[in-house]
Amino acid sequence: MKKFNIRKVLDGLTAASSSSSSSSATAQPGTPRENEVVQETLQSEHFQLCKTVRHGFPYQPCSMAFDPVQKILAVGTQTGALRLFGGAGVECYCQHESGSAVIQLQFLVNEGALVSALADDSIHLWNLRQKIPAILHSLKFNRERITYCHLPFQSKWLYIGSERGNIHIVNVESFTLSGYVIMWNKAIELSSKTHPGPVVHISDNPMDEGKLLIGFECGVVVLWDLKSKKADFRYSYDEAIHSVAWHHEGKQFVCSHSDGTLTTWNIRAPAKPAQIITPHGKQPKDGKKPEPCKPILKVEYKTTRAGDPFMVLSGGLSYDTVGRRACLTVMHGKSTAVLEMDYPIVDFLTLCETPYPSDFQEPYAVVVLLEKDLVVIDLGQIGYPIFESPYPLAIHESPVTCCEYFADCPSELIPALYSVGSRQKRQGYSKKEWPISGGNWGQGSQTYPEIIITGHADGSIKFWDASGLMLQVLYKLKTAKVFERARGKEEKPNTDIVDEDPFAIQTLFWCPESRMLCVAGVSAHVIIYRFSKQEVTTEAVQLLEVRMQCEFSEVDSPDLGGEQTPTQPASAAPSSPQETEPPNQLSAGTNSTEGPRDNIPCLQVRSSPLKQSPGYQVELVVQLVWVSGEPPQQITSLAVNSSSGLVVFGNSNGLAVVDYEQKTLLLNLAISELYSPSDHYQKQPCSPRKPRQPSGGLCDSNDGSNNAEDRCKSPTSGSTSPCNSDDERKQNFIEKVKLKSRRFSKTVANDFAKMSRKISSSGEQKPELEERSQRWSPRSCKKHFCSVTNGKMAARITQKLHIHRTKSDPNRYGKDNAFTRSRSSSVTSIDRESREVISSFYFCESFPRKSDSLISPCLLVGTTQGSVMMAALSPPPGADHKPQQPVSFASCGTLVSLKGGILTMALLDAAGTLLPPSYEPWYDPNASDEEKEKEKVRRRRPATPPSSQEGQDTQFAVLCSEKQAKVVAMPSHTSIYKHNITESSFVLRADVVQMAGSYCLACFCANGHIMTLSLPSLRPLLDVNYLPLTDMRIARTFCFSNLGQALYMTSPTEIQRITYSQETCDNLQEMLSELFTPVETPEAPNRGFFKGLFGGGAQSLDREDLFGETASGKASRSLAQHIPGPGSMEGMKGAASGVVGDLARARVALDERGQKLGELDERTAAMMASADSFSKHAHNMMVKYRDKKWYQL
């Protein structure tokens, strides 16, 4: 039964009275409040939400097309998306509203238009002459299923083959059907008793446009005469057809079949094939038919002037090649090259010098679309090397587990990362330029540098240059290099925490100014990196093993209400000497073969020398060790202070502070010890908890890896059993989701239930919230404190602004849509049990106590119960170097309490500006001492004011939880503003960001709303229902950045960037790239004198005479429905937005109305003139015949 506490009621009344001004802001969003503490400049007009650009490889591709003149590549996906690629930086994303798979694409070559055929039997015409392509026309077939489309070069008539075997013809200019139809029963032999199957190929003869080649699935190919409306020849083969390719002279064609054979036919010899080959079949000696192979899915036949033709095909491998990767075969003369691919082949296209099918093709490259990659092969060089891609298509090289975004970084960072990353590039690429080079790169006014960091399941970290709506990889770091690799399948790392991907990145922190990088992995390890431009060889990797443990005791949770100080929890009895922790030292753990494991890390750090290339180099490895047979808990929260050389991290057992310069553990304590004000701690470690089941992996493709992981619940949670199974917690979670989140669909609720151990709090370390909430209700615990005798601490301990973003959401892991977190509880905003977990850290310099008048280094700690606690870090007096004394640590109790778990914390000065963080200026650790000192002096930040005036608040602490936000004045510790963000949902990600020279709080909720609040008054400035949470990937990867930028992983392979800045939305048209550029179409091949004289060249056809309405009549209205597209209007909307866009549309409407009125006036005047003329003619006729008799007429 939940205890009633009168102090919580009083504190609630106090908070309500102190935050009465926040209610007025809710009534009038975006308007300034009266008597504001700080004059705020941000208004609602500064905000607008829109998508900017999508990066990465198209998810689930299924079709492809290429414009040989514009040199633009289009890729369609199974979700109805279109991705268009040109030169470097030229990318575009479009989406069909239906979401059906794009089965085929056809460019109107050099016309700036694209035809897409969808699986829902609709075709669409896209206008590519505008920066944001839009649909001009659509045609929806009602009685036929579309299977194949063909648009001849420089033709406006589109051939559409259907599943019934019929062929319809569409005018792409008007998107209307022609009355000309080729029926299947007229195309095949009259004696045939079976249906030929769907149309799988349509093409016209390169030398005679009046001859149409039609391929049916059953193996029948028909050469149809369009003028006479009958079949000239029919070609039949026993095996099903997959594709057909013409020789450019129009006398031969090649078919690929389902038994792995290629048949070559002469058009005037339909009786049998001129040649039958099986490229990968074993040729028997007795002359029998080769053994059947896998189907050849596609073949292309390209000719050259100076040599043998190229025949390129996919598939056709022998059935005995089990487990062999997909291959592309290039046959050139007598040579056959088999090129293995990393993924299955979806489609391929051969790029040729000429767009005319009747000329020598001169192929120079092959574009291969794979399931997870895009490869371009150079046919002009020996060995067929591949081109180096300029696109960021390798985001998913290993599944992304965390993602962070930094806008407006120091300008020297990108060149520094590029200089070290350029040495990592692969060798062996083609020396030629990338052949897909169309379009123009956008020229926008946005010039500030942007960097995106992605952590991956294989332990790698990638730095990306995201400036100017581009994305280019800068540098790749492999964290797994510091550990011993398993040499065989039986030597897998014995982590007992994850089943696979033991090196996966769980969370990371990056300080752009000091270039310090700290990474936490799933195997309970933390790695600290320094940036250096020089190569070094480390003889032994520095290792620090940490023993984190905690003992439960049946003690009531300390009171969390208001600012009251809870009583000191009772401490447990000292543990036995056998359980005391040995001194922390730099050592490598070894596995024990007898008895329970103890003092053994999950991974073994390599003992051999480590060669470290220029870039990020290992400074220290921290590993949590086993405790009496119990595996260490995964690290769920992380923060670094580079100016002091401190790293703080936490898990379900508590938190630890490490000095990475002295390679020493400074502090190791539990959550309950943070609630009571006390002096620095020096206690003995407690006995370990009872063993638990190991947790599952982070990147499993399903949720089944979490079985048998019992979780110890808080004694105050109301459960009589010490452990609850996952099934019970999952069932309780489902019921609470259905009860408290009615607006979510059943699918989302079930998804939440599956992911209840995954989403946790928000982008600010939600799983750390959850992991610790399983273990922690404040109770008596013991902790270990290790003093530093040779340590030193700088006088200032503050945290970089980007700490909120660098503490990447640890629940951002998974392959595809799955994400497994083994030790996290249900979503804290729904599952309000009494478990408590640390959810975030924040280093700062503030006033830890009400009576303080001087600022001092502090550590803010947020929990899942909404408590924000302060701890004072007290370095001894010293100047620029750390003294040779231990650092003291004092808990100052609870600062304030909020609803829901704490997501983010920040500190503002009296003017409402984010306090400038102190940091260690970057210097090359391998440089000379003199250069280091020069760099430090040149780049050191000025110190902040050391004190405040008596009785005056000089700082504001901004605190945001899953439900509400508060602003607390310092040092009075009074809550001056409060805003309830959401009641029915909960916040997933919150960040304090810079916008238009000021600061605001940006939030992303689980119901899809994106909101911004002014600081410090918490006025609502923006609230847009952008994206309902239907995918856990969005929840774990969404992150905000400065200057109105944000991003999330919209699929396992793609990053979607958005902006909430009105200025960026207004300039978006200038920043986007252009797909269409004016290019002259190459001249048609010269027919020559004799071919022109005797008619041997290509014969043209006037298709208008055949397919026009006058010749063929009207098509059946019930066959297809024409839908006009919003292309022109969409183009106008893309060019302007907001009030300017409304004015532009109104102006266009007025112009159209004026034009129509002018046309009406002209027609009226013409009618009046016609009436006058008719009146004159009638009068003349009357005069002429007025006096004549009837017999004179």
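Cys858 is buried, with a relative accessible area of 0%, where buried means under 20% relative accessible area, exposed over 50% and partly exposed in between, for a 1.4 Å probe and protein chains only. The closest cysteine sulfur to that of Cys858 belongs to Cys844 and lies 4.9 Å away, too far for a bond. A disulfide is defined as a pair of cysteine sulfur atoms within 2.5 Å, and a search of the whole structure finds 0 disulfides. Cys293 is buried as well, with a relative accessible area of 3%.

The model is predicted, so that local features need pLDDT of at least 70 and side-chain atom pairs count only at pLDDT 80 or more, whereas totals for chains, interfaces and linings use all residues. Residues are numbered from 1 along each chain as its sequence is written, and side-chain values use heavy atoms, with hydrogens and water left out.

Helices (H or I, at least four residues) and strands (E, at least two) are DSSP runs, numbered from the N terminus. Gln955 lies in strand 51, which comprises residues 955-961. With a relative accessibility of 6%, Gln955 counts as buried. Its side chain makes a polar contact with the side chain of Ser846 at 2.7 Å. A polar contact is a pair of N or O atoms within 3.5 Å; within protein, one must be able to donate a hydrogen and the other to accept it, and residues adjacent in sequence count only if both atoms are side-chain atoms. Contact in general means heavy atoms within 4.5 Å. Residues up to four places away in sequence aside, Gln955 touches Glu845, Ser846, Phe847, Ile855, Leu907, Leu908, Asp909, Leu915, Val968, Ala969 and Met970.

Met970 also takes part in a cis peptide bond, which leads from Met970 to Pro971 with omega near 10°. Pro971 is located in the loop between strand 52 (964-970) and strand 53 (974-980). The loop between strand 52 and strand 53 also holds His973. The phi of His973 is near 60°, a positive value in a residue other than glycine, and His973 counts as buried at 7% relative accessibility. Another cis peptide bond joins Leu1015 and Pro1016, with omega about 5°. Pro1016 occupies the loop between strand 56 (1009-1014) and strand 57 (1020-1025).

A positive phi, near 60°, is likewise found in Lys229, a residue other than glycine. Lys229 is placed in the loop between strand 16 (220-225) and strand 17 (230-236). Its relative accessible area is 48%, and Lys229 is thus partly exposed.

Strand 14 and strand 15 (residues 208-216) run antiparallel and are joined by 6 bridges. Opposite Asp204 stands Leu212 in strand 15.

Antiparallel pairing also involves strand 19 (residues 252-257) and strand 20, joined by 5 bridges. In this pair, Val254 stands opposite Thr264 in strand 20. The two strands form a hairpin with 4 residues between them, and Gly260 in the turn has a positive phi of about 85°. Strand 20 is joined by 3 bridges to strand 21 (residues 275-277), and these strands run antiparallel. The bridge partner of Thr263 in strand 21 is Ile276. Of the 5 residues of strand 20 (residues 262-266), 4 are buried, so strand 20 is largely enclosed by the rest of the structure.

The buried residues of helix 4 (residues 413-421) are Leu413, Ile414, Ala416, Leu417, Val420 and Gly421. Seen down the axis of helix 4, these buried residues fall within an arc of 165°, so they line one face of the helix; the arc is that of the directions from the helix axis to the C-beta atoms. An α-helix has 3.6 residues a turn, so residues three or four places apart point the same way. The buried residues of helix 4 pack against strand 30 (450-456), strand 31 (460-465), strand 32 (472-478), strand 33 (505-511), strand 35 (525-532) and strand 39 (615-624).

Definitions and conventions
Pairing = 2+ DSSP bridges.
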